[in-house]
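Subject: Structure handover

Hello,

Here is the structure for you to look at. My notes on it follow below.

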Amino acid sequence: MTAALALLPPVIQQSTQRVPLDPFSALGFIAVVCVSAYLGVRKSPWTAAVLAFAVPFAIYRDVGHTTLTLEKSIAFGSAVGLWLGGAPLWPQSAGARRLVLVVIGVMAAIALSALHAVYPVNVAREFFKQVEYLVLLWCAATCIERIPHSARYFTGGVAVGAAIVSTFAVMQALFGGAPSGMWVNGHVLPRATGTLEGPNQLAGFLEAALPVLWIWPMLYGWHKVDGRHDVDRHTAAAQGYVTVVSSAAMILTQSRAGIAVAALAYALLWRLRRVAAQASAVPMSIGAAVGILITTVWFVFIAHAGWSDIGQLFRFDVPGEPGGVGTRAQLWPAAVALFAKHPVVGVGAGNFELLLPTVGLTGIQTNAASLPLQTLAEQGLVGFIALVAFAIVALRETFRRAQMSPLALAAFLAVAGLLAHQLVDDLFFFPKAAALCWLLLGAGTAREAS
């Protein structure tokens, strides 16, 4: 058995290569925009499904200092189509409107951070990234408000996307090829990423996707029969598979914060809506067991790890992690040092990774591994206040509607989990990890069309 397992291919180091936009891919993006716009104009519930599905798939093409992606094309096309179809630019739901206002505040803080920015182009990049998140929020809210059955289609899109990503992640752990890994006892063990660029990003995506899977049956209207919940067989089977494979993928990311946050979110669901939590208990447990089994095989049979090696999983600074992206012990003091330079408006959004050499970290280019610290360093106290205001409004508005809307409940669990995780990571830096959260915020704070 050990000999067979040793044949698994080793984890490879991830490299980033720019892929310029060519005529063929340009035509593809134009086609995606046109189809998305058509669905929006026709007020098709497939608009919500496509928006949710596209989140973890990029198909990057570089244009100047930015990239074109599948998700951006769908978001732009959907927004144009919904607007041409008569959707107002100001959401009808009070909760969604309040969220739009605080997001505009975040955008203003990003713009102000350009005052001391050494790299203003990066500030522009972060500003338009926030615009992208706002567009996603507006599209989701508009679909829920104006298009009947959008909630079901949205959930289906999340489920299909999560199924593909998580199945791919489990295959990476079983057969190798994961683009990320960690050193254990002299061996590089895989950390699953699925179609995303890093294991923490996959964990962030799943922190938003799993709550949607947990509330899925609530959208299809179950009822009790002889003490059991009667749900459509095909729906139940699909939910079971996606929940199993997504739970396994979460374990296989080996993201300590991600796994802990997902467990806490499920415990919170158990307290708020026990019926929904109980319906997901079996597939959650099976998936977690599969993930733990695969991880144990890698640790015990491949790395011959001892208890001290396994104990490294519970630290936030694992010695010898490959990738040259630094550790939190390095990045957090660097964030504080950069914050001290311009405490009011920061050193400039998107500038942190490029200014690390100015505070003694050479050969490292990454984010601060903490959303609050990243915000303090790049946007100062102004940005930090805007972030706190966003967090308060997002949690308050989704919690208020959690008893009335399953998607609001999922949004509350996702936002609470992601904000907690980002005390030790910055996942909003990566659209693939953040976009589903912003879609959920829009969908969860909007009043459903009748």
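C437 is buried, because its relative accessibility is 1%, under the 20% cut-off. This comes from a predicted model. C34 has a relative accessible area of 47%, so C34 counts as partly exposed. The structure holds zero disulfides. A disulfide is a covalent bond between the sulfur atoms of two cysteines.

Next, the nonpolar cores. The largest has 113 residues. Those touching the most other members are F154, F205, F390, L436, W438, L440 and L441. Helix α8, residues 199–219, gives the most to this core: 14 residues.

What does L440 touch, leaving out residues up to four places away in sequence? The list is F154, A208, V212, L407, A410, A411 and A414.

Then there is a helix pair. Two packed helices are described by the angle between their axes and the distance between the axes. The axes of α6 (residues 120–146) and α17 (residues 431–445) come within 7 Å. They cross at roughly 35°, and the crossing of α6 and α17 is right-handed. By class, this contact has 13 nonpolar, two polar and two charged residues.

Here is who meets whom:
- From α6: K129, Q130, E132, Y133, L136, L137, A140, A141 and I144.
- From α17: P431, A434, A435, W438, L439, L441, G442 and A443.

Best wishes

Terms used: Residues are numbered from 1 along each chain as its sequence is written. This is a predicted model: local features need pLDDT of at least 70, side-chain atom pairs count only at pLDDT 80 or more; totals for chains, interfaces and linings use all residues. Side-chain values use heavy atoms; hydrogens and water are left out. Axes are lines fitted to C-alpha atoms, for helices over the stretch in contact, and angles run from 0 to 180 degrees between N-to-C directions. Helices (H or I, at least four residues) and strands (E, at least two) are DSSP runs, numbered from the N terminus. A crossing is left-handed if the near helix is turned anticlockwise from the far one by less than a right angle, and right-handed if clockwise. Contact means heavy atoms within 4.5 Å. Ala, Val, Leu, Ile, Met, Phe, Trp, Tyr, Cys and Pro count as nonpolar, Asp, Glu, Lys and Arg as charged, and the others, Gly among them, as polar. A disulfide is a pair of cysteine sulfur atoms within 2.5 Å. Buried means under 20% relative accessible area, exposed over 50%, partly exposed in between (1.4 Å probe, protein chains only). A nonpolar core is a set of buried Ala, Val, Leu, Ile, Met, Phe, Trp, Tyr and Cys residues joined through side-chain atoms within 4.5 Å.
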